[in-house]
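Work through these exercises with the structure open. Try each task before you read its solution.

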Amino acid sequence: MEIRRRTTTPNRTALAGAPDDRIVRDLQAAREEYRLVQYVPGLPSCAATLPKREKFSWCEWIRSRLLIALLVIGLFIDRFFTPTWNQLADLVNVYGWIFPKPSTMDIWSDDAFFGRQRLVGVNPFVIKRCIAIPNNMLLNINERRAPLERVLQQKSDDENYTLDTAIEDNRLFIVNYDILNGMFDQFGVCAPIALFLVDSNDELMPVAIQLQQEEGENNPMFLPGDRSWLMAKLWFNHADSSFQESFSHLGVTHLLMESVAVVTHRNLIQTHPIFQVLAPHFHYLLAINTEAREYLISNNGLVDQTLSIGRNGMMEIIRRRLADWRMDTGGILPADLENRGVTGDGILPNYYYRDDALLVYGAINDYVTAYVGLHYNDDGNNGLPQVIDDPQIQAWVSAIISERQIEGGGCGIKGLPLNNNRQIATNEQLIQILTCIIYMCSVSHAVTNFPQYEQYGFQPAYPIGMRGMPPQDPNAALNSGDIIRAIPSKFTCLLEMALKKFLSTRNTNLLGHFDNFTFPGDRPVQNQFQDNLRIVAEEINRRNTQRAHPYPWASPEKIPNSISI
């Protein structure tokens, strides 16, 4: 993103007091260039048009087109020069130099891998500690309590272990996709509930899956050892991937952060210190989202061609989840983990996303704290203004919390730390908001985007499409042909592989590496941020040498500044 630089430091009194003519002119020009509209009712608003300065550079445009051309060649070769898929063994024929074999191919059917997908896959944001069995699962639990508790006893290596014991020991966890309830008939996605137990080896293992929310004989509970267990896991993962692609990836990072980027341009001049700290994290965001609306989530676009739920299903999931998403519970990492009950000594071992992301979140928070302290002081000391007296920041926050409208309006984000839910008054409030935005644009997007090819590249490991009907008999026979018939066609899977391979590439600076700062005094803060991120990366590398299954995706060595792909 270009940042128009000034040869002198901006007038901080003007920034924090009555606006001068230059500020008024700059903001008026920005509001004409950056206009906010609703792309789809109920979804985050977006830029009405792509401003010239937000477009991809020629180098980046050429790089992306060359990569697309290479992937299309690979797709063509695999489509016409590899055998038809009749059994699972046939899938291996499509892998080579352009589409390397994903590591998930050798372990996709293992229960331990299925458990790890909740902790270190592309959607590690949903698992919760189970404090009570959902009421709509009790009928199935009671009907199969004996075999379920045999599973618990086997996994815990305790012949007296029960469901109640697992809950009391904080070793039972749950993923409940009640948000998808009622979507199967139109979009072909289940609304499953799955229970997971931390076993005697501290591995998270699935112990029960129910594929729909409604109780009844057509909605049984599946257990490990059931003949249809593997198919139940595929349908659960289809629901998980549908939510991941819709909300965890597209909705709350790409789309919601685009609306924040637009209101930032509309309310903060480009030499404002808060614009400066956010600008690197919006780099290419509007450009990639514009291309997504043209090629991916357009009618008959790539989403319609690859995902069972299609574009309309994605929009429905985003609409449902966005209605109750809040910054204070979903955007602030420590609060999110606390709300899901996955913090505390010994709680949910091997949750590497949590353990590593907290280090990066802490580094971001320290950086933002130091940066804000250079420009604002709660008591107005050292000649610094107070946040509460800065009209641009007040207008910016007001735009973030204002309701979305067909044209104009705001971001509609709830849960900001404000006085009376409308006014920002302290450095700490500003720090929390900025840390959340930077985290969402960097870490949150990186961990859900860049592992995509590894997770999705072998379709049975994490299908984004399923055909037919989910199993209704736990003891129905299952063979590899059933798996082939359940996943999408060969061409659809190849198209998905090409898309995920493209999306898994990085094209911008790593977190903390910024091109320009307007205020000369900010450079030491940036340097300290880079040093802290280097220490975090070294610690994560050290941890990964001791992990049976290394997790690199939350390391600063893998995280770009912005959402640019």
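**Exercise 1: Charges over rings**

The charged end of Arg547 lies over the ring of Tyr352, 3.9 Å from the ring centre. This is a predicted model.

Task: Which ring does Arg118 lie over, and at what distance from the ring centre?

Solution. Start at Arg118. It lies over the face of Phe114, at 4.4 Å from the centre of the ring. Next, look at the partner. Phe114 belongs to a cluster linked by ring pairs, together with Tyr177, Phe196, Phe236, Phe243 and Phe247. Last, find both residues in their helix. Phe114 and Arg118 are among the buried residues of α4.

**Exercise 2: A covered helix**

Task: Find how many residues of helix α4 are buried, and name the elements they pack against.

Solution. Helix α4 spans residues 111-120. Now look around the helix. The buried residues pack against the strands β4 (172-176), β5 (193-198) and β6 (204-210). They also pack against the helices α9 (229-267), α16 (352-375) and α19 (452-456).

**Exercise 3: Two aromatic pairs**

Task: Describe the ring pair Phe76 and Phe80, then the pair Tyr367 and Tyr371.

Solution. A pair of aromatic rings is described by the distance of the centres and the angle of the planes. The structure holds 20 aromatic pairs. For Phe76 and Phe80, the centres are 5.0 Å apart and the planes meet at 55 degrees, so this pair is tilted. Both residues lie in helix α3, four residues apart, which means about one helical turn between them. Phe76 is partly exposed, at 46% relative accessibility.

Tyr367 and Tyr371 also form a tilted pair, with 6.3 Å from centre to centre and 50 degrees between the planes. They sit four residues apart in helix α16, about one turn of the helix. Tyr367 is buried, with a relative accessible area of 3%. Tyr371 is buried too, at 0%.

**Exercise 4: Positive phi**

Task: Locate Asp202 and Tyr284. Is each one buried or partly exposed?

Solution. Most residues other than glycine have a negative phi. Asp202 has a positive phi of about 65 degrees, although it is not a glycine. It is found in the loop between β5 and β6. Its relative accessible area is 33%, so Asp202 is partly exposed.

Phi of Tyr284 is also positive, near 65 degrees. Tyr284 is found in the loop between α10 (273-278) and α11 (285-296). Its relative accessibility is 9%, so Tyr284 counts as buried.

**Exercise 5: The largest pocket**

Task: What is the volume of the largest pocket, and which helix gives the most residues to its lining?

Solution. The volume is about 930 Å³. Next, the lining: it has 35 residues, and Phe125, Val126, Lys128, Arg321 and Arg340 lie nearest the centre of the pocket. α9 gives the most to this lining, with four residues. Then sort by class. The lining has 19 nonpolar, eight polar and eight charged residues.

Notes
Residues are numbered from 1 along each chain as its sequence is written. This is a predicted model: local features need pLDDT of at least 70, side-chain atom pairs count only at pLDDT 80 or more; totals for chains, interfaces and linings use all residues. Side-chain values use heavy atoms; hydrogens and water are left out. Buried means under 20% relative accessible area, exposed over 50%, partly exposed in between (1.4 Å probe, protein chains only). Helices (H or I, at least four residues) and strands (E, at least two) are DSSP runs, numbered from the N terminus. Contact means heavy atoms within 4.5 Å. On a 1 Å grid over the protein atoms alone, a cavity is a set of points where a 1.4 Å probe fits but cannot get out, and a pocket is an open set with protein on both sides within 12 Å along at least five of seven lines; lining residues have an atom within 4 Å of a point. Grid points are joined across faces, edges and corners, and a volume is the space filled by probe spheres set on the points. Ala, Val, Leu, Ile, Met, Phe, Trp, Tyr, Cys and Pro count as nonpolar, Asp, Glu, Lys and Arg as charged, and the others, Gly among them, as polar. Rings of Phe, Tyr and Trp (its six-membered ring) pair if their centres lie within 6.5 Å; planes under 30 degrees apart count as stacked, over 60 as edge-to-face and the rest as tilted. A charge sits over a ring if NZ of Lys or CZ of Arg is within 6 Å of the ring centre and within 35 degrees of the ring normal.
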